Amino acid sequence: NADLGDQTSKPSSNLEIASSPSGEVKISLSCQPLFGRPDFHMPTLDELLKSVEEKSLRHKLLDPNFSLIQLMKDMCQCFVELATDSSHESQERLVHSLSKHVIPNGGDVNGFGSRSGDPESCSLAVVPRYQTGRDELRSLHDSNDITKGEEVVEIPWVNEVNNECPPSFHYIPGNLVFQNAYVKFTLSQITEDHCCTSCIGNCLSSSSPCVCVAETLYGFAYTADGLLKDDFLQECISMTRDPQLQSISSCMDCPLERSRNEEMLEPCKGHLNRKFIKECWRKCGCHKQCGNRVVQRGIRRKLQVFFTTDGKGWGLKTLEKLPKGAFVCEYIGEILTIKERHERTMQNSSITKTENPPSVLLDAYWNLKGALKDEEYLCLDASFYSNVARFINHRCLDANLIEIPVKIETPDHHYYHLAFFTTREVDALEELTWDYGIDFDDDNDQPNKKFQCKCGSKFCRNMKRPSSEFFF
């Protein structure tokens with residue numbers, strides 16, 4: 001308790017700041033309502049906390065040099081400033097009185113306070129003002145919503161392990177072309193063969209698949225609840241977990257190998273011909289809330305970016321229980337050509353996964369149109385522009401998310417969206433993971449990004465090599 005003024009006459013007023021549920025720990029301010037000052041008034045708790053918060057941010061609460069004594073001094077100072085319009089001299093006297101009650105006899109507390117020559121004096125440590133950088137200040141202010149309002153839902157971030165802030169990046173809700181990638185969206189591209197102009201309302205309510213759904217080749221991919229149909233999901237999971245048993249195509253002139261060394265080309269290691277979903281879009285006649293428009297409506301789930309406790313850095317978790325086959329988010333980034341990707345890779349050869357997310361190839365249909373032009377061999381890079389998907393950590397084989405290609409705006413096969421769906425029911429507060437498809441035996445795959453697998457899965461493909469560094 002911190003007491004103000006003479007305590008001989010009238011009952012005091014109390015303002016409780018914090019208390020444990022059992023009442024064992026309590027911080028409160030008590031004072032005489034008048035104590036000789038007719039202009040004194042007891043501030044409300046909200047007024048006091050807001051004032052303390054504004055003052056404490058100057059010292060950056062997350063800084064390891066943060067002083068508890070300085071915080072208490074700020075709290076007392078704010079209390080006095082709100083309670084009275086007294087002179088500077090009077091305020092100093094009151095703050096000094098409060099401070100002596102907070103830390104009796106000027107005792108040393110964890111090195112923050114120190115005894116002076118007078119054993120009865122109260123010496124408060126002076127905390128230098130922390131110069132917060134622009135990126136740190138932005139992260140500090142965006143803690144309640146890392147998306148900065150770009151999504152329909154707010155996505156907070158939290159770090160209960162240390163004082164580290166999320167890496168600096170530009171949040172974008174949709175993919176952006178970096179420079180040379182050929183991605184063209186025009187209404188003239190979408191013919192009647194690629195849209196359902198005659199549909200009305202919800203395409204899923206029709207007895208037969210519409211033009212868009214028919215392009216998926218497997219009928220309706222979504223249920224009426226907006227989830228993936230179980231048989232379609234299981235086929236996608238099987239294809240991802242056992243790629244060698246599925247349809248794999250090899251390039252005659254692989255752009256990946258050519259970007260690494262044009263003079264001595266290695267054979268193409270193959271690309272998986274994935275199953276995909278074709279969603280209705282703006283030229284279709286159906287309603288915007290049509291059941292075949294899921295990914296394009298964006299993130300709807302309650303998610304949280306958090307700092308992991310198992311050495312993986314930042315991660316993404318769900319704050320609500322997710323059913324099997326639920327859409328979570330899309331992998332968003334800059335659309336680069338393979339050549340641009342390789343050049344960026346060489347420029348950032350020392351950046352690890354902790355600092356940068358992986359780039360993702362859009363290679364599912366490289367062989368459907370024959371040889372593509374260089375500007376049509378594309379990938380997504382989430383290093384500088386991305387969304388929350390950049391925080392999803394890797395897990396070998398049994399990850400709870402799977403990536404599925406989704407075509408929306410264009411009939412072109414070389415560009416599509418990469419959407420994440422749950423492979424099973426996911427509990428609230430469970431971390432979300434996906435299999436990056438890392439080949440731990442290939443030391444030449446993206447040699448700039450050293451990756452040591454810490455997935456913890458009993459199916460980990462790198463279990464025999466825990467002390468080595470590998471690439472993805």
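Modeller: We will go through a strand, its partners, some backbone angles and a helix residue.

Modeller: This is a predicted model, in which local features need pLDDT of at least 70, side-chain atom pairs count only at pLDDT 80 or more, and totals for chains, interfaces and linings use all residues. Residues are numbered from 1 along each chain as its sequence is written, and side-chain values use heavy atoms, with hydrogens and water left out.

Biologist: Which way do the side chains of β10 point?

Modeller: In a regular strand, side chains alternate between the two faces of the sheet. In β10, Leu303, Val305 and Phe307 point one way. Gln304 and Phe306 point the other way. Strands here are DSSP runs of E, at least two residues, and helices are runs of H or I, at least four; both are numbered from the N terminus.

Biologist: Which strands does β10 pair with?

Modeller: Two strands pair if DSSP finds at least two bridges between them. Strand β4 (residues 157–158) runs parallel to β10, with 2 bridges. Trp157 has Val305 as its bridge partner. Strand β11 (residues 314–318) runs antiparallel to β10, with 5 bridges. There, Gln304 stands opposite Lys317. β10 and β11 form a hairpin with 6 residues between them. Gly311, in the turn, has a positive phi of about 85°.

Biologist: Where do Lys148 and Leu429 lie?

Modeller: Lys148 is in the loop between α4 (134–141) and β4. Its phi is positive, about 55°, although Lys148 is not a glycine. Lys148 is partly exposed, at 42% relative accessible area. Leu429 is in the loop between β19 (417–422) and β20 (433–434). Leu429 also is not a glycine, and its phi is positive, near 75°. Leu429 is exposed, at 56%.

Biologist: Is Arg344 buried or exposed?

Modeller: Arg344 is buried, with a relative accessible area of 12%. It sits in helix α8 (residues 338–347).

Biologist: What does Arg344 touch?

Modeller: Contact means heavy atoms within 4.5 Å. Leaving out residues up to four places away in sequence, Arg344 touches Phe178, Glu334, Leu336, Asp381 and Phe384. A polar contact is a pair of N or O atoms within 3.5 Å; within protein, one must be able to donate a hydrogen and the other to accept it, and residues adjacent in sequence count only if both atoms are side-chain atoms. The side chains of Arg344 and Glu334 make one of 2.9 Å.

Note on methods:
Buried < 20%, exposed > 50% of the residue type's maximum accessible area, 1.4 Å probe, protein only.
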